[in-house]
Amino acid sequence: MLHLCYFPVQWKYAQIVMVAKPGKPPAEASSCKPISLLRIMSKVFERLLLHRLDQTMHIDGLLPIHQFGFRNNHSTIQPCHRVVNKIKESIEGKKMCTSVFLDTQQAFDKVWLRGLLYKLKLRLPDHLYLLLKSYLSGRYFQVKIDDELSDYHPIRVGVPQGSVLGPLLYLLYTADIPTTQDTLMVTFADDTAILSSDPDPARATEELQHHLNLLQNWLEQWRIEVNPTMPAQVTFTTRRDIYPPVNLHDTHIPVKKEVKYFGLHLDEKITWKTHIKTKRCQLELKLKNMSWINTRSQLSLDSKLTVYKTILRPIWTYGIELWGCSKPSNTNILQTFQSKMLRMISSAPWYVSNQTLHNDFEIPYVTEVIRIKVNKYKNRSTVHSNQLIKTLFNPSVDRRLKRLWPEDLAQ
């Protein structure tokens, strides 16, 4: 296959299994989640080809440094931290930071194949380009619902869903997304954040609008559509000035006071108050559906602790490297929930202290979890191959506010 630059036709057929979403009308197509199933041998070869591509072309060198999605040793916390760092610099420098958060609509499904092949031909050697051209062309899909099968239909757009190479092909297709020197761009696969900071609100908005104009032309050229429900403009500042709105495709981007970015709720002043309250509500809702963990449960004590550690605790520990700098009055909201859980699990009487429960179960307090997680995160970041990640904990501006930021949590 590598010698002939040929991908077998038998491996180009995908079966789409429709999985019903709970609580949705079964008669509507949007109520089902499609899962694309490909041949196992196809995925084995794709894994080998991905390794060959990395050896030949050094994939990291083909991708922009601000792209954090589908890359080794990269996570969602890192782009969030980069956004928070930019906001910190603006707030500490008495600037106003205006930002836009965008999401591509059906990113993998609507990739323009001719455009993708054009970019691959520019970046890859001829033999790898011809092999990927054979891999992408002449593909078909079949839909399966229960025991019923549809006819096969050709796939004319999009990268193969459920494939090993699909994410890389999408990253290569969007690698030339425009950037400017006056704005900060952070991308994770198809999610894009653009931030502009300046003491003058009008100037910051002008720089952001200029970047959006370049982005609009790029989106139209490569036939990429933005999810109309996702765009949001958020102003991060401690001042009360009002930012002018910005436009994309001649439409005002909705102005919001906070945005949910990779599971983290970012408010105007980055207090993390909204995020922590949201996580507490999620924990209470999850616990309500787990009546079998209450004091009358027949589960053993070890099993209850395992349930808490594997199901409930990850809900509030996600992103703790960033929101851990919140005020104690906020972090105590989650500490109260943890103490309540330990008391429920052990059926401890009122006179047993929370300190005793934490010591006996070897469960660290929230403040201790923050310290452990942040130190591990800092150690990984300072030796990272991506320069943007390596400098996340470097002090970049003079401090004027008496508040903590994520880098202050590391010891």
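I started with strand E7 and found it mostly covered, with five of its five residues buried. Buried here means under 20% relative accessible area, with a 1.4 Å probe and protein chains only. Strands are DSSP runs of E of at least two residues, helices runs of H or I of at least four, both numbered from the N terminus.

The model is predicted, so I kept its limits in view: local features need pLDDT of at least 70, side-chain atom pairs count only at pLDDT 80 or more, and totals for chains, interfaces and linings use all residues. Residues are numbered from 1 along each chain as its sequence is written, and side-chain values use heavy atoms, leaving out hydrogens and water.

I checked both faces of E7. Leu184, Val186 and Phe188 are buried on one side, Met185 and Thr187 on the other.

Next, the neighbour. E7 runs antiparallel to E8, joined by five bridges. Leu184 stands opposite Leu195 in E8. The two strands form a hairpin with two residues between them. In that turn, Ala189 has a positive phi of about 60 degrees.

Pairing takes at least two DSSP bridges between two strands.

Cys97 has Phe236 in E9 as its bridge partner.

Conventions: Buried < 20%, exposed > 50% of the residue type's maximum accessible area, 1.4 Å probe, protein only.
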